[in-house]
Amino acid sequence: MQKYTLISTRFMKEAMDNSRPLQLSHVRKSISIINRTYTLIHSTALTALLYYRVSYLFKNPETRPHTPTFPWLLVFSGELILSFIWLLGQAYRWRSVSRTLFPERLPDDKHLPAIDVFICTADPKREPTFGVMNTVISTMALDYPPEKLHLYVSDDGGSSVTLFGMKEAWAFARLWLPFCCTHGIKTRCPELYFSGAEDDEDGELRGNEFLEERQKIKIEFELFRERVMRTTENCGAGGDSLNGDHPPIIEVIGEEEAEMPILVYVSRGKRPSHPHHFKAGALNVMLRVSSMISNSPYILVLDCDMYCNDPSSARQAMCCHLDPKLSSSLAFVQFPQKFHNISSNDIYDSQIRSAFTTVWEGMDGLDGPVLSGTGFYMKRVALYGTSIQDDTNLKELRQTFGYSDEFIKSLDQKYKPNISNGRDSLAAILREAQLLASCQFENQTKWGEEVGFLYHSVCEDVLTGYNLHCKGWTSVLCLPSKPQFLGSSITNLNDLLVQSTRWTSGLVDIGISKFCPFLYGPLKTSFLQNIGYAELSFFPFYFLPVWCFATIPQLCLFNGIPLYPEVSSIFFLVFLFIFLSALSKHLWEVMSTGGSIRTWINEQRIWMIKSVTTLLYGSLDAIMKRFGMRKASFSPTNKVSDSDHVKLYQMGKFDFRISNTVLTSLVTLVVLNMAAFIAGVARVIVFKNWEKLLMQVLLSLHILIMASPVLEGMIVRKDNGRIPYSITLFSVVLAMVILTLGSVVLIY
């Protein structure tokens, strides 16, 4: 085997003038100074809080206020956990950067590297085929040499409708791509373009010839839509999907068209007795299959609903990958996830603003952002791990990558498969690709352990990115003014909670595995980068302090037991400052990134809801998996829009048609806080002890204000998304039981 190295500079050397960088990064000094100053001041206040709590425990029991030790310790523990997670999160805010790209400085098209595109779909019932095909077509139409684009669609459902849709999509793309290139069309998702949602093409200024051609293309698009939708209806939403027990199916579409991107349908082999490792397993299969067909040095990974909103993403990514200062160590370029159906009042925080404007941007100033599962351009060799060395022998390579000599040949960057050499050549390549896509191929190899996308978590993206950073690779966040990719956001509470529970479980999987950032990464990556990953892995444990603050102070307030300093104490100002400081800093972050006060309120509210529901259940799920009490599972996020759900979302009303268990816990906490608030106000009025109980009264009031949609769903609303009377009644009874038992414990 020829000499192989992880660091490629071939494309960079061919056409680049080192004196002209392809990208520049700029430290946002003012934001960094504000963040560091805030961290110092808030940390000082937390130190004062810690002193107050600890000094209380050493006071003479006869002179200190009569407060039971157990609830005091519980609240103190909650404050410690909350403070610790907050401190970890400051790593994101230490060094924020922005980037300027220069795509006009890229080499000529003939010198640009090839790109393989991986698109994953699993369930046509939840991921409609026509929507997936719009993603496929928009990706084929990227502003990039078409002969250097190769698209692979992984169909884990094994649906004939998906394969039929791909063939129809390729046929329509033969008309669509020339039309876009000839007329400089910027909106290259055909459904979006013909819907009129994007009015940036100046069609009326192009003349009658353009309008006539546009009309012809539109007619072909409608026929394409009709054929796909009709086939979907005739076969059922899932078509004749395979049942999880089948050999691999691989089909190449359009291999004879040199001026068109090829499409490759991949349905990997499955057997009930073999784990398939969800999305990570599908990506690894495409990684191997593509090595036999195209073996491009770069890979774009997209979710099936994440269509290309701007055709320039590939060239922007190459500005980073081919930049002389970044190229040698750069593993991937990450674009933020953006969504086309966000309401002006985004009550579910579906846009995930904080992740991409705080966490990802902040980590870009360190070693690079987290891998986010979609919208990233990955360097292929980065996924092959550290097992490839100059002196690695064939036996070691087989133990790592499996017993396929053809695949091992593809590890050489000079290896270029050719599928246009006739049917016999293509048939031989497909036979090898089917072997690589079989469910037995990974047995006794290091796929998912050291090479490829890792299998230890359902958040395979975060874990794989962390592993790459620990191996010395870096990453870059590309944040252009126009979103490069747009997907479908969640528009109902049930899907939000299901998705959040899955993400939580995957992140905790990392935190309690051998990849725990506190144990795995300290000597392998920079301190702040590792601390950032630690916050990601352990922030789900926010559920511990939030549950504590939503119950313990309220039970004590109900019984007239103070847990916080009196108003006349200097430490009352410390607690008040910490509370207002945290809220003000979050408000500043929201406003400085284009949000509003309503955005701030929505984010605060959904954080509290997730903390007492999905963070709890997701953490428990991960712990149970760790101890073998349940198996890992993965359910794709529902991409089918329900008109009733969408209507409520657009109106800014929560849809409470969620799990009864989750809803009961949420409503019970609201009822508990309502009872405690009423009792607390009564005590303040009757017994004049507002100095001792004011902080707890304000805490319950804050929770009730944030929970106003729950109160509205319980009392006011009559629509289908309201909270059922049975849940409200049961929650009231449960809250009364908790108050009674709590009172007995606290008093006796």
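**Close-up 1. Thr374 sits in a loop of this predicted model.** Let us start with Thr374, found in the loop that runs between helix H10 (353-364) and strand E11 (376-379). With a relative accessibility of 1%, Thr374 counts as buried, because the cut-off for that word is under 20%. Look for its side chain, which reaches the backbone nitrogen of Asp303 at 2.8 Å. Setting aside neighbours within four places in sequence, Thr374 is also in contact with Val301, Leu302, Met306, Gln334, Phe335 and Gln337, as well as with Asp303 itself.

**Close-up 2. Thr358 is a buried residue of helix H10.** Here we move into helix H10, where Thr358 is found. Its relative accessibility is 11%, so Thr358 counts as buried. Not counting residues up to four places away in sequence, Thr358 touches Tyr92, Arg93, Arg353 and Glu589.

**Close-up 3. Met140 belongs to the largest nonpolar core.** This core has 62 residues, and those with the most contacts inside it are Met140, Ile115, Trp176, Phe224 and Tyr377. Helix H5 (residues 160-183) supplies the largest share of the core, with 10 residues. Apart from this core lies another, of 61 residues, including Leu493, Leu666, Leu669 and Val710. Back at Met140, which residues is it in contact with, leaving aside neighbours within four places in sequence? They are Leu149, Leu151, Trp170, Ala173, Leu177, Met260, Pro261 and Leu263.

**Close-up 4. Helices H23 and H24 are roughly antiparallel to each other.** In this view, the axes of H23 (residues 660-687) and H24 (residues 690-706) come within 9 Å and cross at roughly 150°. Angles over 145 degrees count as roughly antiparallel, and that is therefore how H23 and H24 are described. The crossing in which H23 passes H24 is left-handed. On the H23 side, the residues that meet H24 are Val670, Asn673, Met674, Ala676, Phe677, Gly680, Val681, Arg683 and Val684. Their partners in H24 are Trp690, Leu693, Val697, Ser700, Leu701, Ile703 and Leu704.

Close-up 5. Pro68 is 677 residues away along the chain, and the C-alpha atoms of Val745 and Pro68 are separated by 9.8 Å.

Notes:
Residues numbered from 1 in each chain as written. Predicted model: local features only at pLDDT ≥ 70, side-chain atom pairs only at ≥ 80, totals over all residues. Heavy atoms only, no water. Core = buried A, V, L, I, M, F, W, Y, C linked by side-chain atoms within 4.5 Å. Buried < 20%, exposed > 50% of the residue type's maximum accessible area, 1.4 Å probe, protein only. Helix = DSSP H or I, 4+ residues; strand = E, 2+ residues; numbered from the N terminus. Contact = heavy atoms within 4.5 Å. Polar contact = N/O pair within 3.5 Å; in protein donor to acceptor, adjacent residues only side chain to side chain. Axes fitted to C-alpha atoms, helices over the stretch in contact; angles between N-to-C directions. Parallel < 35°, antiparallel > 145°, perpendicular 65-115°, else oblique. Left-handed = near helix turned anticlockwise from the far one by under 90°.
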